[in-house]
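Welcome! Here is a friendly tour for anyone meeting this structure for the first time. Please have a look at it before reading on.

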Amino acid sequence: MEKKKRTKKYPILRYLSYLVIVGILLTGVSLARYSGATSGGVSTPLSRFLCSYEISDASSLIFSNSDYWLDLGEEGLSATNTARTVRFTLRNYLADEEGGADRISDVALQSTLRFYAPAQFAGGLAVQVAEVEEDGGYTVVTPQYVLRDFIYEVSVGADGKYEAGGSFASGERTVNTALSEDYSDRTDGLTGTGNIEQQLTVTGGFAGTADGSHTGSITAAAEDGTGIGITSAVRTASYSVGFVRTEVQGEEVGSGTAGVMAPVLYIDCEKEMSFYTVDLTLPEALFSAGQAEEKEFVLFLTVTEQIDDTDFNSVWNTEGTDGAEGTGSVGGDGVTSWDGLLAEPVAGAAPYTLNGATVTGYHFTRDLPVYGLADGVLTESGETTVRINKVYDYENGGATLFYEHVAPVSEAAGSASVDHPIETFYSYENGAFTETSAAFSSVAGVHGLYGTCVNVGADGEPKSGYIFFDGLSDDPYYDTYAEQQAGGTRKYSLSLATSKGYSTVLSVLFAQASESAPAGEGSA
């Protein structure tokens with residue numbers, strides 16, 4: 001496809017989208033089983049509706065906050081983003097212990113991929129789906145859908161490509177994907193001309209303001225049976241704004257020093273905003289009745305344009321004034337110092353705010369040592385990353401802490417990491433770990449204990465190992481609890497807001513697509 005020139009903005013900022021994998025850890029299962037019903041003395045067996053899905057891998061959960069194409073003048077265009085991928089497997093059966101088909105759905109099933117994310121993020125995405133073949137190769141089954149072309153009024157520019165306006169589209173209209181701007185769309189597995197473009201009939205639209213709250217629904221359908229749905233609803237969303245954390249002392253570089261970057265501090269917030277539910281229904285994701293089938297797909301998500309908002313323009317302020325374009329308040333009395341956003345609230349305090357959102361707490365990560373038992377001897381096996389979460393209680397005062405193990409979705413190289421809750425703690429003595437209770441009102445409540453995450457291996461042992469929590473600090477300005485208690489010179493400083501994270505949901509829906517399979521052709 002021809003690539004349209006656009007002027008790009010700097011700096012390139014990171015935009016985080018945390019894909020909350022639904023279900024238990026990495027596997028989600030949708031199951032509705034009907035065994036039978038009786039009416040009027042006649043027994044009427046109903047077909048079994050069996051299905052499952054598994055999200056097996058994600059390439060990255062971090063998206064660059066920048067326009068996709070960077071105009072280099074005489075040197076042409078350069079892509080500043082790459083598509084992020086999520087691989088998922090669909091089945092119309094429940095597997096037995098050996099992985100074979102134990103029970104198979106008696107009815108044909110149509111599956112729909114559903115992505116749930118804030119409008120600010122989802123509205124700037126281009127999405128495409130490919131099916132994974134037996135040899136591991138891809139065959140694209142959809143063109144690249146640029147979502148803004150379905151949402152906004154568009155016109156065809158001088159280069160023959162869509163240009164989206166600032167007003168929501170409405171009424172019946174047509175979207176031709178061949179006229180959408182190209183964001184390095186995939187052509188894997190295509191033969192001949194490689195044309196997979198579609199014309200979709202689109203109806204519906206949104207009401208409200210494009211840069212604020214808006215609601216409504218949009219449906220689009222292609223002749224081959226592909227369906228797209230985009231629904232907008234206003235809800236209270238949880239998100240995080242990430243501020244750069246740098247070592248105060250730094251390291252010597254040439255004749256000066258440079259601050260060493262530490263894991264970002266995220267201020268957790270809540271605010272009402274529009275959220276999109278994006279549904280993709282594909283004919284390739286149809287399952288026959290009474291026949292065990294497994295299909296694997298890859299979803300490609302590409303950020304097409306930079307998000308420019310107040311959160312990204314904020315600078316941490318300790319001088320009692322607002323930070324750049326950002327505003328913060330502590331106790332409802334205006335800004336004294338943004339450091340007040342890190343203090344546990346007193347009972348009955350007015351909620352802290354950041355850029356008009358309620359502050360619910362904060363989180364950051366640090367590396368902790370991991371131990372195991374080797375022939376009954378406590379042995380350190382390395383380090384792992386733990387996320388420290390602090391949630392404020394404005395009604396009763398204080399805060400509650402909880403901890404998560406940051407680990408890859410899969411063992412594949414380059415796999416994205418997600419957070420696994422650390423729920424069980426142990427003491428160690430006399431050559432053995434003993435499960436014990438831990439206090440979560442203070443970080444000192446886990447000192448001297450070993451924690452394990454809920455992700456368990458086939459051998460029943462925690463994949464995290466036994467993470468040692470001794471001396472841990474919950475203050476982002478210090479490394480150790482002793483430093484935190486002493487309150488001396490801070491090890492870290494806070495500065496620019498460079499990232500923003502939302503909790504989003506990726507799931508799969510199943511619906512009956514036909515009548516039941518003939519008797520005797522249901523389960524295996």
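Is Phe-433 buried or exposed? Phe-433 is buried, because its relative accessible area is 16%, where buried means under 20% relative accessible area, exposed means over 50%, and partly exposed lies in between (1.4 Å probe, protein chains only).

## Before we start

This is a predicted model, in which local features need pLDDT of at least 70 and side-chain atom pairs count only at pLDDT 80 or more, while totals for chains, interfaces and linings use all residues. Residues are numbered from 1 along each chain as its sequence is written, and side-chain values use heavy atoms, with hydrogens and water left out.

## Rings around Tyr-428

Let us stay with Phe-433 for a moment. Its ring forms a tilted aromatic pair with Tyr-428, at 5.3 Å centre to centre and with 55 degrees between the planes. Rings of Phe, Tyr and Trp (its six-membered ring) count as a pair if their centres lie within 6.5 Å; planes under 30 degrees apart are called stacked, over 60 edge-to-face, and the rest tilted. By this rule the count comes to 32 aromatic pairs.

Tyr-428 also pairs with Tyr-450, this time edge-to-face, with 6.4 Å between the centres and 70 degrees between the planes. Tyr-428 lies in strand β31 and Tyr-450 in strand β33 (residues 450-453), so this pair ties together parts that are 22 residues apart in sequence. Helices (H or I, at least four residues) and strands (E, at least two) are DSSP runs, numbered from the N terminus. Tyr-428 counts as partly exposed, because its relative accessibility is 25%, whereas Tyr-450 is buried at 6%. Ring pairs link Tyr-428, Phe-433 and Tyr-450 into a cluster that also includes Tyr-371, Tyr-426, Tyr-466 and Phe-468.

## Salt bridges across the chain

Side chains of opposite charge can pair when their charged atoms come close. A salt bridge here is a side-chain nitrogen of Lys or Arg within 4 Å of a carboxyl oxygen of Asp or Glu. A search of the whole structure finds 13 salt bridges.

One of them joins Arg-148 and Glu-181, at 3.6 Å from N to O. The two partners are 33 residues apart: Arg-148 is in helix α2 (residues 148-151), and Glu-181 is in the loop between β18 (173-176) and β19 (199-208). Arg-148 counts as buried at 9% relative accessibility, and Glu-181 counts as buried at 3%. Another salt bridge brings together Asp-474 and Lys-390, at 2.9 Å from N to O. This pair links parts that are 84 residues apart, with Asp-474 in the loop between β34 (466-468) and α3, and Lys-390 in strand β29 (residues 377-392). Both Asp-474 and Lys-390 are buried. Through shared partners, salt bridges join Arg-148, Glu-181 and Glu-305 into one network.

Arg-490 forms a salt bridge with Asp-339, the closest N and O atoms being 3.1 Å apart. Arg-490 lies in the loop between α3 (481-486) and β35 (492-516), and Asp-339 in the loop between β26 (328-329) and β27, so the pair ties together parts that are 151 residues apart in sequence. Arg-490 is partly exposed at 36% relative accessibility, while Asp-339 is buried at 17%.

Arg-490 also lies over the face of Tyr-477, at 3.7 Å from the ring centre. A charge sits over a ring if NZ of Lys or CZ of Arg is within 6 Å of the ring centre and within 35 degrees of the ring normal. Elsewhere, the charged end of Lys-295 sits over the ring of Phe-287, 4.9 Å from its centre.

## Neighbouring strands

Strands β18 and β19 pair in the antiparallel sense over four bridges; two strands pair if DSSP finds at least two bridges between them. Asn-176 has Gln-199 in β19 as its bridge partner.

β19 also pairs with strand β20 (residues 214-221), antiparallel over eight bridges. A hairpin of five residues joins β19 to β20, and Phe-206 has Gly-216 in β20 as its bridge partner.

## Two asparagines with positive phi

Most residues other than glycine have a negative phi. Asn-355, however, has a positive phi near 55 degrees, and Asn-430 has a positive phi of about 55 degrees.

Where are they found? Asn-355 is in the loop between β27 (353-354) and β28 (357-374), and Asn-430 is in the loop between β31 (417-429) and β32 (432-436). Asn-355 counts as buried at 10% relative accessibility, whereas Asn-430 counts as exposed at 80%.
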